[in-house]
Amino acid sequence: MALCGGVGALALPSELIVHIFSFLSDRDKLRASAVCSRWRECLFYPALWTELKLRVGGGTNGGGSGSEETPRLEFLMRKFGSFVRELQLEFAPVDGYLSPLQAMEGRMEPVESDPQFSDRWKDAMITYLDQVLCVLRSLRNNRYLQRLSLYGDTCILQDEGLFDSAYLHQVDQGSKKIKEIQMLFEEILSNSRQLKWLSSAFMLGVVTPCSLASLSNPSATSLGHLSLLDNQLPSLLVPVELERLVHLRSLALDFCDFSSTMCCLLAGQDRAPLHRLSLLLNGAALEAKPLNGTAGEDDWKALVRRSSNLRVYLMALDVCSQDLLRVLKPSMPLERIHLDSYSVPVTDGAVELISQQYHKTLSNFVLMRDDAGFPDLSVNRNEDPLVLLAWRCVHLAVLIIHGYTVWSHNLVAISRLRGSNLKVLAVSEESIDFDPDQSVFIEGDPVHNLVKEVSLGLGRVWHPSLDTSVVLSEPTQHFHREMQSFSEGI
C-alpha cells in the first residue's frame with residue numbers, strides 16, 4: 001500500500017482514512033493501522049466493524065489453545081462489543097479429543113484413557129465459561145445488535161457423557177459463572193432493539209426456558225430467525241414466547257420440541273408465514289424426550305396451508321427406522337434430509353418411503369453411517385432404492401453417501417437419471433462395490449470405467465470422494481452449518 005509509506009498518509013483527514021480502510025480486508029486493516037496512532041484510532045471506527053465472525057478454542061497440545069486466545073478475544077470484544085451489529089461466534093473443539101465418530105474410525109484412542117484427561121478438560125471448561133462471560137459482558141449494552149449466533153462443540157460443551165453434574169460442580173462452584181452467563185444473555189435480549197437473527201446451538205448453560213421472556217418487544221417484532229438447539233429438558237422454546245415472534249420466517253429446534261401446539265400456533269393467520277424449518281432428531285435423546293405430542297399429519301397440513309412456501313430440513317441422528325417412519329409425515333414439505341448413524345442402519349423401506357412421499361420437494365439427501373459393515377439397501381429387491389430416489393425426486397441436487405454399499409452400475413444409473421442437475425454427487429470410495437458378473441463384459445480397470453461413465457452422466461469430471469467441503473465429520477456441527485445456509489436462503 002504505497003499511500004502508507006509517505007508523509008502524506010499522516011496528514012490525511014480521518015474520514016478519508018476510514019474510507020480507505022473500508023476497501024481492505026480485516027487482516028490488511030490491521031496492517032495499515034501500524035502507520036501511526038491516528039490510523040490506529042480510525043481502525044476502530046464503528047462503521048468498519050459491523051460484522052464479526054470468530055472461532056475460538058482448538059488446542060491442548062501447544063499453539064493456539066483456548067486459554068491463550070482469551071486475551072485476544074477480550075481485546076476484540078472490548079473494542080467492538082458495544083456496537084457490532086452481527087456477531088457469529090463458534091467454540092472449536094480442543095485438540096486431542098475425538099468424537100465418537102472419530103473414535104470408531106480408529107484414528108487414535110479416545111482421550112478418556114489419558115490419566116491427565118480430567119485436568120485438561122477441567123481447564124477447557126473453565127476457559128469456555130470465561131470466554132462466554134467475556135463475550136456476553138461486552139454485548140450487554142449493545143442496542144445495535146441485529147444478529148447473534150453462538151455455537152459450541154457438543155463433544156466438549158455438553159453436560160452429558162463426558163461431564164456429569166458432580167464434575168460441573170467442581171468446575172463452577174455454586175454455578176456462579178453459569179448463573180451470570182444466563183443473566184447476561186437475558187440482559188442482552190432485554191436491551192436489544194432490532195434483533196433479526198438469534199441462534200444458540202449446543203451452548204452449555206447459556207439459554208434457559210425463561211430466556212426468551214426477556215426479549216424486548218421491538219426485537220420480538222423484528223426477529224426473523226430463531227435457532228435454539230440444546231438436547232436438554234425441558235424445551236427452550238415455550239409456545240407463549242413463540243406467539244410474540246409474529247414475523248418469524250425461519251426456525252430451528254430439536255424435533256421433539258416441535259409440538260402439535262407449536263405447529264398450530266405457527267399456522268395462525270395473525271403472523272407471517274414460516275419459510276424454513278430445521279429439525280434435529282437425536283435417537284439417543286428419545287428416551288428422555290419421546291415423540292409423543294410432536295406435530296401430527298393434521299398439524300402439518302394446517303401449517304402448509306398457511307405457509308405454502310415452507311421447506312423443511314431434517315437431520316436424524318442414530319434413529320431407528322420405526323421411529324423414523326413415525327416422524328416422516330406425508331404433508332411435511334421435506335427439502336433436505338440427513339440420515340446419520342453410528343450403529344443403527346437405515347432400512348431400504350425408509351429410503352423408499354422418502355422417495356415416494358417427497359418426490360416433489362426433496363433436493364438434498366445425505367446418507368451416512370460409521371461402522372465396520374456396509375449394508376446393501378438393494379438386497380432382495382428388484383430395484384435399488386437409491387436409484388428409485390434419483391428417478392422419482394426430480395429436484396434432487398445433492399446426494400451424499402458413506403457407509404452403505406453402492407453398486408457401481410447403480411451409481412452410473414443415478415448419474416444418468418439426474419444428469420447435470422445433480423450438483424453434488426459425493427460417494428466415499430470404500431462405499432462403492434463392483435458386480436463380478438458385470439466385470440466379465442467390461443475391459444480395463446473397473447474404477448477407471450466407473451469414473452468415466454459417471455462423469456459422462458453428470459456432464460462434468462467426477463471422482464469418488466468425501467471430504468469436509470461437502471459434509472463435516474461431526475453431525476451436529478454439520479447440521480448447524482447447513483441450517484444457517486438453509487435459513488439464509490429465503
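## An aromatic cluster

Ring pairs join Phe44, Trp49, Phe75, Phe80 and Phe83 into a cluster. Rings of Phe, Tyr and Trp (its six-membered ring) count as a pair if their centres lie within 6.5 Å; planes under 30 degrees apart are stacked, over 60 edge-to-face, and the rest tilted. This is a predicted model, in which local features need pLDDT of at least 70 and side-chain atom pairs count only at pLDDT 80 or more, while totals for chains, interfaces and linings use all residues. Residues are numbered from 1 along each chain as its sequence is written, and side-chain values use heavy atoms, leaving out hydrogens and water.

## Two pairs up close

By the pairing rule, the count comes to 10 aromatic pairs. One of them is the tilted pair of Phe44 and Phe80, with 5.8 Å centre to centre and 45° between the planes. This pair links distant parts of the chain, 36 residues apart: Phe44 sits in the loop between α4 (37–43) and β1 (51–56), and Phe80 in helix α5 (residues 66–80). Helices (H or I, at least four residues) and strands (E, at least two) are DSSP runs, numbered from the N terminus.

Phe80 also forms an edge-to-face pair with Phe83, at 6.0 Å centre to centre and 80° between the planes. Phe44 counts as partly exposed because its relative accessibility is 21%. Phe80, at 2%, counts as buried, and Phe83 is buried with a relative accessible area of 15%.

## Charges over rings

A charge sits over a ring if NZ of Lys or CZ of Arg is within 6 Å of the ring centre and within 35 degrees of the ring normal. Arg276 lies over the face of Phe486, at 5.1 Å from the ring centre.

Trp300 belongs to helix α14 (residues 297–306) and counts as buried, at 0% relative accessibility. Leaving aside residues up to four places away in sequence, Trp300 touches several residues (heavy atoms within 4.5 Å), among them Phe258, Cys263 and Pro333.

A nonpolar core is a set of buried Ala, Val, Leu, Ile, Met, Phe, Trp, Tyr and Cys residues joined through side-chain atoms within 4.5 Å. In the largest one, with 122 residues, Leu226, Phe258, Trp300 and Phe365 touch the most other members. Helix α7 (residues 117–139) gives this core its largest share, 9 residues. A second, separate core of 11 residues includes Tyr151, Phe202, Tyr313 and Met483.

Conventions
Buried < 20%, exposed > 50% of the residue type's maximum accessible area, 1.4 Å probe, protein only.
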